[in-house]
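Here is a short report on a protein model and its ligands. Please keep the sequence and the coordinates open while reading.

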Amino acid sequence: MISDWKRSQEMKEIYDVAIIGAGVCGANVARKLSQYELDVVLLEKEIDVSLGTSKANSGIVHGGFHDHISTLKARLELQGALMFDRLHEELDFPFERCGILVAALHEDEMKAIEQLYLQGVENGVIGIEMCSRERMLELEPKLNPDVVGGLYAPSGGILEPYRFVFSLVESARNNGVQVKTEFEVEAAERRGDCWHIRAKGGQEIRARYVVNSAGLHADSVSAAFGAERFTIMPRKGEYYLLDRTTKAKPSRVIFPVPTEVSKGILVIPTVEGTVLIGPTASPAQSKEDFATTREQLEHVLHAARMMVPAISENDVITSFAGLRAAYGSDFYIALSEKVPALVHVAGIQSPGLTASPAIGEYVKDLLKKAGLRLVEKPDWDPCVRKVPRARDADPFALDALVAQDPAYGDIVCRCERVSEAEIVAAIRAGHTTLDGIKYYTRAQMGRCQGGFCTYKIIRILMRETGMRFDQITKRGGDSFVLKGSL
Amino acid sequence: MKQLTFDAVVIGGGAAGMAAALELDARGHSVLILEREDALGGILMQCIHNGFGLIEFNEELTGPEFAQRFEEKVVARNIQVSLRTTVLDIREEEGAKAIYCVSPEQGMMRVQARTIVLAMGCRERNRGNIRIPGTRPAGIYTAGLAQRLVNIEGYIPGKDVVIIGSGDIGLIMARRMSWSGCKVHAVIEILPYPSGLTRNIVQCLNDFGIPLYLSHLVTDIYGNDRVEGIEVTPIESGALMHEKAFKIACDTVLLSVGLVPENELSRNAGIEIQPTTNGPWVDSMLMTTMPGVFACGNVLHVHDLVDYVVEEARRAGANAAAWLSGYRPARELRVKTGQNIRYVLPMRINPERENRLYMRSLVVKNDARLEVRLDGAVVKSRRLAHVQPSEMLSLTLAPEELSAAGRDSTIEIALV
Ligand SMILES: Cc1cc2nc3c(=O)[nH]c(=O)nc-3n(C[C@H](O)[C@H](O)[C@H](O)COP(=O)(O)OP(=O)(O)OC[C@H]3O[C@@H](n4cnc5c(N)ncnc54)[C@H](O)[C@@H]3O)c2cc1C
Ligand SMILES: Cc1cc2nc3c(=O)[nH]c(=O)nc-3n(C[C@H](O)[C@H](O)[C@H](O)COP(=O)(O)OP(=O)(O)OC[C@H]3O[C@@H](n4cnc5c(N)ncnc54)[C@H](O)[C@@H]3O)c2cc1C
């Protein structure tokens, strides 16, 4: 049995729009376009969506004060940030406006705080506040008591980035968008009023308009279309994830005073109750270099402790790294000036996640300007089916869930309290790798990191998909989990 | 929601849970064992090698055989067992203890009990806990997961293996993987001495010619999709010798870097956890800070041998039964850790009864003396040819040895 949505993938002759890259940008564009009478295809080189930069970041809905309103990224950030409450209602993903603090540890940092504050006011950030030491400690008692003052942006928030992308893609799919994974765009050719797009494996599709939202690889995709030449530099951000039992969990996101090059090492309470510390900012060896390093992680611990002294290395459950797609100082979102019917969504560094819903709108407008006809669908459905989570259910609710589906009574992942029913839902939604299931359900994401549940998930995957043991991967490609049987 | 009532509920049906339940049953109390897996036995079920039961049964059994002996008694005594049942919450409600648990067959259940025995076992420490940097490819497993995959699921996780940490499960897996036709290239241990039992070093490494690198740290794991190798750096007088670092190619990394008692349930119930053991604080009856809640086995502290687990669990079961019948110790003495001792368990002793104490050394030492001091005066001492942190120590204190104890006396255990 192959998952439901993979079966429903019949090919269209010619698509109106092909979107290359299923990160948070491509997913937002896809969902936006799904509102119109269009044939849209979302192309992704990996085995699942959201396996690029959109899975490994800080997951913050930013406060709108870090960049000046004259930049495109600040405008899209401010606009995007306001769209999350509605998206949260429509799309089942964890999101919370917990607020953001920027903490100054020395008097001489207060100048920068004041500038951020004024910039925030000018940008129109709601509720932004300059804080005294006392106010900072009242807002966040876990802060270093040496704090001298800071900034508070109550509208800032946190979300689970991959769940956001999964929901966007599911919503787009429900409204007719096709999703092709393991489709790595390699070459393209314009014939008549159509792009012929070829994947590495030889498959070909045709589309009238193309959106290049290939993240780190937007430069090579542009080159494949004979469009603008530019270079994206990967810049690494390393993190530690701390167990939910840590005593150092703040209730708000804590930023240090930013430097020229980065927003610094943050302490982030995740929506799911764990704590994230990071990211660093250092050049990566390549676009595939996701390795963490001892020196950088030591720096993370040290810098995070400056903000929240209670952070302990004993609370670490894992480390990971994400790569920023660095290009210039602003987002590069524009119609190609060299070739027709191609929109670049490139250089989307932070606050790309925050801005992404607004990027969806912006790209739609660009496509319209380029001649794409937009007719709204009368029956567009903004909502996805909410998958109940055992973790969130009280005893009576869980009892009712088990009565409907006994698989809710089988707790597969004990650390994050994930039931078999949720694992099955992940698989049926197309997440057929261990990592895909992890991001959808949180199973293997807790303190034991899969020590107890991996074999159970393998069993369920084999049962639900008919895969053999030697086909199970961690995240596609050659990431095979098992090498033989007895 | 289904409601049940028992005198005692045992959480976890491993060796500890079964042993404790048998004692409670033998003293006439109604007992329910709640176990999340579909069989009793706990971690023993995946330990198909020999070496269990030398103390308990005076013979060498495999893990499942050892478990079976207890399971047969549980069945013979008609003790109630609810399998595939995960305990989610322990609460105090209206003066009683309520256990919330769920199973696919029964849905959510609320079990009310007068006493609870915690026997949830432990989990393995993982890569994040020891903070090895590098990439995150497929092919990195804890040794216990690999043991499960090979021994029960019947899969081989990889062919070219390096084992990080010299804990017993890792050593046993070195042998198991070799038997399964895999090449185990090395065992890497950060400490200058192995953390597993000596007999396992001999039988699982030496007999297979597997090199053990002591005082070496794994400083990198590389490979994108699947593990391709690791970097190992020697440690000399406490410093990393980066210029002497070397690489070992492998497709699989197994981690055997320690076990941690599984106390999330206890923590959420407000039970105090000891930082030295990661298990509950317990008094002379093995009772936690929540009155009527007892703990035993690996959830209390990590044991080397299952024989000690059942010995401790029997006492927890018997004490829980005594507590149900109204027994309370008249007087308890504080137990302190002295020189070279990481922890002593329990944290209180009863001067009117026989007390069994377990402890771990902080150091490796030959020709050591284990001393029990009552308010500073040595009341008992024992010569030990060799001590090391990985081998648990135990001793028994009789009331006669404590006859000098006053109201506020303290017992201190030291290794000199
Ligand atoms: C360390 C770090 C922290 C961050 N923190 C935040 C934050 O807190 N808040 C915030 O708002 N933003 C944050 N960001 C920024 C945010 O994560 C990014 O802006 C956003 O994820 C970019 O999304 P994307 O869709 O452009 O790129 P990606 O998510 O990288 O998506 C691109 C997709 O294209 C696919 N692809 C590439 N080449 C091809 C091809 N040839 N054919 C088909 N598919 C292809 C890739 O596989 C990938 O899935 C952070 C970024 C980093 C690195
Ligand atoms: C991976 C691993 C391998 C080991 N290998 C060896 C070995 O080779 N040799 C050796 O001498 N010792 C070994 N040990 C030590 C061994 O665990 C002990 O000797 C002994 O078996 C532990 O018994 P226990 O009852 O305390 O714990 P366990 O056997 O772990 O039993 C705990 C039980 O509680 C259940 N449980 C936990 N939480 C819940 C919940 N919330 N609700 C319901 N049920 C729950 C579990 O499913 C489990 O069945 C190993 C330990 C581990 C973790």
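Two bridges tie β3(A) to strand β8 of chain A, residues 157-159, and the two run antiparallel. This is a predicted model. In that pairing, A:Val61 sits opposite A:Gly157 of β8(A).

The pair belongs to an open sheet of three strands in chain A, ordered β3-β8-β4. Pairing within this sheet is antiparallel. Its edge strands are β3 (60-61) and β4 (95-96) of chain A, and each of them pairs on one side only.

## The interface between chains A and B

How many residues of each chain are in contact with the other? On chain A there are 54, and they touch 52 residues of chain B. Together the two chains bury about 4,500 Å², with 53% of that area on carbon and sulfur atoms.

B:Arg84 forms a salt bridge with A:Asp410. The closest N and O atoms of B:Arg84 and A:Asp410 are 3.1 Å apart. Polar contacts across the interface of chain A and chain B come to 24 residue pairs, with both residues at pLDDT 80 or more.

Which elements supply the side of chain A that touches chain B? At least two residues each come from α9 (294-307), β18 (316-326), α11 (395-404), β21 (411-413), α14 (454-465) and β23 (484-485) of chain A. Sorted by class, this side of chain A has 25 nonpolar, 14 polar and 15 charged residues.

## A strand pair that crosses the chains

One of those elements, β23(A), also pairs with a strand of the partner chain. Its partner is strand β11 of chain B, residues 155-156. The two strands run in the antiparallel sense, and two bridges hold the pairing. Here A:Gly484 stands opposite B:Ile156 in β11(B).

## The site of ligand 1

Ligand 1 is surrounded by 37 residues. The closest are A:Glu44, A:Ser54, A:Ile60, A:Ile348 and A:Thr354.

Which atoms of A:Glu44 approach the ligand, side chain or backbone? An N or O atom in the side chain of A:Glu44 is 2.5 Å from an oxygen atom of ligand 1. A polar backbone atom of A:Lys45 is 3.1 Å from a nitrogen atom of ligand 1. For A:Ile60, a polar backbone atom is 2.8 Å from a nitrogen atom of the ligand.

## The site of ligand 2

Ligand 2 is surrounded by 36 residues. B:Ala16, B:Glu35, B:Ile43, B:His49 and B:Asn298 are the closest.

Chain B supplies several polar atoms here. A backbone N or O atom of B:Ala15 lies 3.2 Å from an oxygen atom of ligand 2. In B:His49, an N or O atom of the side chain is 2.8 Å from an oxygen atom of the ligand. A polar backbone atom of B:Val87 is 2.9 Å from a nitrogen atom of ligand 2.

## A five-stranded sheet in chain B

Chain B holds an open sheet of five strands in the order β24-β22-β29-β26-β27. The pairing is mixed. At the edges are β24 (348-349) and β27 (377-387) of chain B, each pairing on one side only.

Inside this sheet, strand β26 (residues 365-374) and strand β29 (residues 410-415) of chain B run antiparallel, joined by five bridges. B:Leu370 stands opposite B:Leu415 in β29(B).

## Backbone details

Two cis peptide bonds deserve a look. One joins A:Ser350 and A:Pro351, with omega about 5 degrees. A:Pro351 sits in the loop between β20 (342-346) and α10 (352-369) of chain A. Another runs from B:Leu345 to B:Pro346, with omega near 0 degrees. The loop that holds B:Pro346 lies between β23 (341-345) and β24 of chain B.

Is the phi of B:Asn78 positive or negative? B:Asn78 has a positive phi of about 60 degrees, although B:Asn78 is not a glycine. B:Asn78 is found in the loop between α2 (63-76) and β5 (80-82) of chain B.

How values were computed:
Residues are numbered from 1 along each chain as its sequence is written. Chains are lettered from A and ligands numbered from 1 in the order in which they are written. This is a predicted model: local features need pLDDT of at least 70, side-chain atom pairs count only at pLDDT 80 or more; totals for chains, interfaces and linings use all residues. Side-chain values use heavy atoms; hydrogens and water are left out. Two strands pair if DSSP finds at least two bridges between them. Helices (H or I, at least four residues) and strands (E, at least two) are DSSP runs, numbered from the N terminus. Contact means heavy atoms within 4.5 Å. Buried area is the accessible area (1.4 Å probe) that two parts lose on being put together, summed over both. A salt bridge is a side-chain nitrogen of Lys or Arg within 4 Å of a carboxyl oxygen of Asp or Glu. A polar contact is a pair of N or O atoms within 3.5 Å; within protein, one must be able to donate a hydrogen and the other to accept it, and residues adjacent in sequence count only if both atoms are side-chain atoms. Ala, Val, Leu, Ile, Met, Phe, Trp, Tyr, Cys and Pro count as nonpolar, Asp, Glu, Lys and Arg as charged, and the others, Gly among them, as polar. A residue is near a molecule or strand if one of its heavy atoms lies within 4 Å of it.
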